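Me: I have a model open and would like to talk it through with you. Could you take my questions one at a time?

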Amino acid sequence: MEGLMVSDANLTVYIHPSMGNRIRGAILSQLSSLLFKYDEIFEGVLLAYQVDGRSRSARILPGLVPYFGVKLRASLLLFSPKPNMFIEGKVVKLGRESIHATVLGFSSVAIMLEDIRAEFKYKTRDGVGTFTSRYNKHHLIKVGSIIRFIVKSLDEEMLHISGSLVPPNTGCIYWLSKHEVDDASQKERGTKRNRADGVEENALEQDPSFFRSSKRSRPHESKTRKE
Amino acid sequence: MGIEPVRSDMAMHEVEDGYLSDSAVYSSIAEILGRVSKPPNMVADRDKDLYEQLLVIVSPLTRKKDLDEEILFVTALKALSGVVYKISNIYHASLLRNIFSMCIWDYGLDARIALLELIANLAVVPDKFLEDSLEMLVRNFQPPERMHEYICQSKWREEKKRIDGQLHETLCSITHLVPLAPVKLMGILRRRMPTFRTSKALLVSFVECMLGLESNEIGQYLQSTLLSMVVELLVDLDVNITWEDILKEDHNRSVFDMEVEDLEDNAEINSVGSQTVYRKGEGFGDLKHRMTNKLDSVMVIVCEHIKSSACDGRLVKIFETLIESFRRTVLNAHKSKFSQFIIFYACSLDPEICGLKFAILLTDIFVSKAEDPISRMSAIAYVASFLSRARFISSAVVSSIVKRLVEWCYDFCYLQASTERIKNPRGHRLFYAGCQAVMYILCFRMRLLMDIPELKEILFNLPLEAIFCHPLDPLRVCLPTIVQEFLRQAMAAHLLKKPFLSCHPNDLLESEFSKAFGGVERLDMFFPFDPYLLKHSDRFMRPNFEFWSMVKKTYSNFNSDDDLDDLDPDSADEGSHDGLDDEELADEDGEDDLGCSMNNMSITPRPVFEMATASGSIPIPSRMPARIRPSVSPI
């Protein structure tokens with residue numbers, strides 16, 4: 001998965017004099033306050049930190065409040081998703097119009113219908129909804145499966161990612177890991193089949209209005225009289 | 001919900017036989033939304049009209065008159081929740097405004113479900129409506145204004161429970177999909193949290209709903225915030241009922257008493273006095289009345305919540321939070337009156353863990369040099385009052401804490417302080433407060449400690465005499481009433497060998513030293529867990545509360561326990577176990593031991609006191625909490 005990195009940082013932590021007798025606790029609480037929040041300086045979200053060492057001397061800063069700055073080195077585990085990165089997440093909700101997933105348990109992802117490639121078709125079996133590939137029935141996405149998707153956009157404050165399943169090497173990671181080797185052949189086969197099915201099939205997949213009109217003409221099971 | 005009849009103007013895709021399916025409605029609404037997603041001048045008039053019609057259907061203002069309208073509304077909401085990704089906050093601002101200004105209290109069950117589903121779906125669209133959705137849900141924690149009067153009725157209480165449940169469910173489902181939503185929710189709750197000025201109905205429903213949130217999934221993230229917000233609210237309410245208000249009443253009584261007869265206590269006179277104050281109290285601040293009412297109701301909700309979480313086995317976790325916010329807010333609130341009873345109640349549910357933890361925490365604060373003196377002073381006041389009044393705390397705990405306090409006092413006077421005489425009692429107020437706490441606890445607990453041989457031995461080994469004989473002379477500075485009572489009990493139990501009483505003439509109710517020690521406002525006169533005065537929430541505190549009237553004293557038949565066993569503590573419970581008795585303590589003098597103790601242990605209900613509480617129009621029974629006061633006359 002992209003977007004995760006460990007970086008070494010030289011930091012200066014400013015500590016209030018009231019915490020002067022427990023510097024270590026003060027440093028940790030300062031660093032902890034950064035956790036799970038997007039920080040522009042790090043260009044990402046701090047997931048974990050480890051203080052590697054701190055200088056023995058601390059400087060009292062001039063000013064009204066005599067904060068003192070402690071210099072330290074820390075390694076930080078950062079999560080910095082950017083558009084077009086491949087990210088993995090666990091599906092928590094799946095509906096006809098969208099797939100919702102969480103990345104690393106805290107960042108939420110929504111993939112809307114328009115960002116799910118036409119290969120995937122929504123089906124319900126025994127009341128459980130799945131997105132199943134038309135080309136390989138074993139490639140399916142359901143609640144609980146881990147998917148790889150591409151980042152479309154990102155709300156930094158809430159770490160709310162808008163994802164996309166359009167690129168071909170996205171989808172259920174379990175299936176992808178098995179079939180990555182013959183990825184190329186799979187793609188080829190897909191295009192061949194598309195060509196064989198002809199233009200109509202393509203139109204059906206890509207134009208929702210077409211899809212709707214074809215559906216509407218079908219008889220419905222339950223109806224009430226219109227007034 | 002199957003297929004619903006839909007107005008023809010809504011339907012863009014009608015099939016010939018006049019039926020319209022759900023999916024057709026969805027797609028038609030999606031189409032309308034899609035067509036108006038352009039700059040306004042490019043939208044065709046027909047589409048504009050259709051969009052306007054949609055707005056009329058999804059409008060917060062029009063009450064749904066009949067079933068058809070309601071069904072139409074529900075269908076529209078369902079359709080919208082299917083196409084949330086089409087909604088843009090630029091082109092559909094008016095639609096969003098309509099949705100987010102809706103009040104779920106206006107609708108029936110189906111409409112509510114549909115609306116909340118729409119809100120939940122909107123919230124999980126990335127980067128758009130999360131804040132608005134949460135804001136809308138939090139706003140609905142409170143019923144709309146027109147319902148304030150009815151909300152207390154049983155029918156609406158049921159409904160409120162249902163609505164609360166639905167709100168919680170929605171918030172949970174949002175959290176499930178957007179794990180960081182609670183962060184945002186926290187900010188919104190802080191912003192929308194009612195203040196102490198809010199009307200009672202609103203306050204109660206908000207707090208109720210908020211605490212409900214604490215017990216479900218969101219509580220994992222927000223527990224500490226939610227509880228501490230409630231405690232802060234309690235403190236806010238608490239400090240707005242000032243001691244002066246209560247003292248004023250007390251003052252009236254004393255003055256009245258003085259007019260009627262001399263001050264020497266006598267049940268008859270006392271009752272006349274309180275009756276009068278009761279009448280006077282009615283005209284007293286209406287504001288204060290409302291404030292106590294609010295505080296009372298919020299206390300009931302919080303206690304019920306603590307009780308239910310104790311049933312779920314989450315008490316210890318909750319207690320951590322409570323104690324944290326107690327330290328931050330209640331402990332340093334000047335002479336807080338009621339909010340501390342939350343902790344008292346939580347402790348009573350699990351004395352072994354919570355009660356012990358609380359007592360130790362307070363003692364730690366008192367002993368710690370790093371804490372500021374004000375916190376230490378109030379911590380010692382709390383520990384004294386807590387150990388004396390909490391019936392659930394075992395004698396072993398009491399004895400170990402008393403031991404720790406005595407050792408601290410001993411160290412203080414023999415290791416730290418010079419051998420100066422009392423010149424500046426203020427300078428050594430921590431020491432005096434510590435001594436007073438020890439005496440106060442022993443006034444309540446000495447008899448119980450004496451009954452257990454091991455604890456008795458510990459007590460007898462304490463260097464009490466050494467402390468009392470020190471030149472700092474705590475017996476002359478601490479509150480004389482406590483000193484008197486303590487000496488009396490200690491003598492009876494042979495805890496002290498020397499006759500200390502001789503140097504304290506009986507008529508000295510308030511020494512010049514104790515006055516110099518800080519006047520009325522001083523902290524050593526603060527007894528946080530004095531009898532609880534709020535009417536409705538009293539039932540939570542009462543069973544575990546030690547009233548002075550029920551305390552077994554060492555001088556009352558120390559050698560024959562059987563006499564005391566005849567007294568049924570329950571009967572004392574139901575009657576007016578009184579605030580009065582503590583005053584009797586103040587007024588009694590060591591004349592006839594037996595007579596006095598009979599008086600103290602009296603369990604006869606006092607009619608007037610009962611009347612004052614039962615008639616109920618004044619929430620604070622017109623008495624001081626039964627504080628031991630240096631003198632009955634106002635200073």
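Reply: Gladly! A word on pairing to begin with: two strands pair if DSSP finds at least two bridges between them. Please keep in mind that this is a predicted model.

Me: Good to know. How many bridges join strand 8 of chain A to strand 9 of chain A?
Reply: Strand 8 covers residues 120–125 of chain A and strand 9 covers residues 128–133 of chain A. The two run antiparallel, and Thr124(A) has Gly129(A) as its bridge partner in strand 9 of chain A. The number of bridges joining these strands is six.

Me: Which residue in that hairpin of strand 8 of chain A and strand 9 of chain A takes a positive phi?
Reply: The hairpin has two residues between its strands. A positive phi near 55° is found there, and the residue that takes it is Asp126(A).

Me: And which residue in strand 10 of chain A is the bridge partner of Thr132(A)?
Reply: Strand 10, residues 140–141 of chain A, pairs with strand 9 of chain A in the antiparallel sense over two bridges. These strands form a hairpin with six residues between them. The partner of Thr132(A) in strand 10 of chain A is Leu140(A).

Me: Over to chain B. Are helix 1 of chain B and helix 3 of chain B roughly parallel or roughly perpendicular to each other?
Reply: The axes of helix 1 (residues 22–35) and helix 3 (residues 67–82) of chain B come within 9 Å and cross at roughly 65°. Angles of 65 to 115 degrees count as roughly perpendicular. The two helices of chain B are therefore roughly perpendicular.

Me: How many nonpolar residues does the contact of helix 1 of chain B with helix 3 of chain B have?
Reply: From helix 1 of chain B come Val25(B), Tyr26(B) and Ile29(B), which meet Thr75(B), Ala79(B), Leu80(B) and Gly82(B) in helix 3 of chain B. By class, this contact has two polar residues and no charged ones, and its nonpolar residues number five.

Me: What is the handedness of the crossing of helix 10 of chain B and helix 14 of chain B?
Reply: Helix 10 (residues 219–239) and helix 14 (residues 315–330) of chain B pack at about 40° with axes 9 Å apart, and are therefore oblique to each other. Their crossing is right-handed.

Me: Finally, what is the mean pLDDT of chain B?
Reply: In chain B, pLDDT stays under 50 over residues 249–284, and it is below 50 over residues 558–635 as well. Still, 70% of the residues of chain B reach 70 or more, and the mean is 73.

Notes: Residues are numbered from 1 along each chain as its sequence is written. Chains are lettered from A and ligands numbered from 1 in the order in which they are written. This is a predicted model: local features need pLDDT of at least 70, side-chain atom pairs count only at pLDDT 80 or more; totals for chains, interfaces and linings use all residues. Axes are lines fitted to C-alpha atoms, for helices over the stretch in contact, and angles run from 0 to 180 degrees between N-to-C directions. Helices (H or I, at least four residues) and strands (E, at least two) are DSSP runs, numbered from the N terminus. Angles under 35 degrees count as roughly parallel, over 145 as roughly antiparallel, 65 to 115 as roughly perpendicular and the rest as oblique. Two residues are in contact if their C-beta atoms, placed from the backbone, lie within 7 Å. Ala, Val, Leu, Ile, Met, Phe, Trp, Tyr, Cys and Pro count as nonpolar, Asp, Glu, Lys and Arg as charged, and the others, Gly among them, as polar. pLDDT is the predictor's confidence in each residue, from 0 to 100. A crossing is left-handed if the near helix is turned anticlockwise from the far one by less than a right angle, and right-handed if clockwise.
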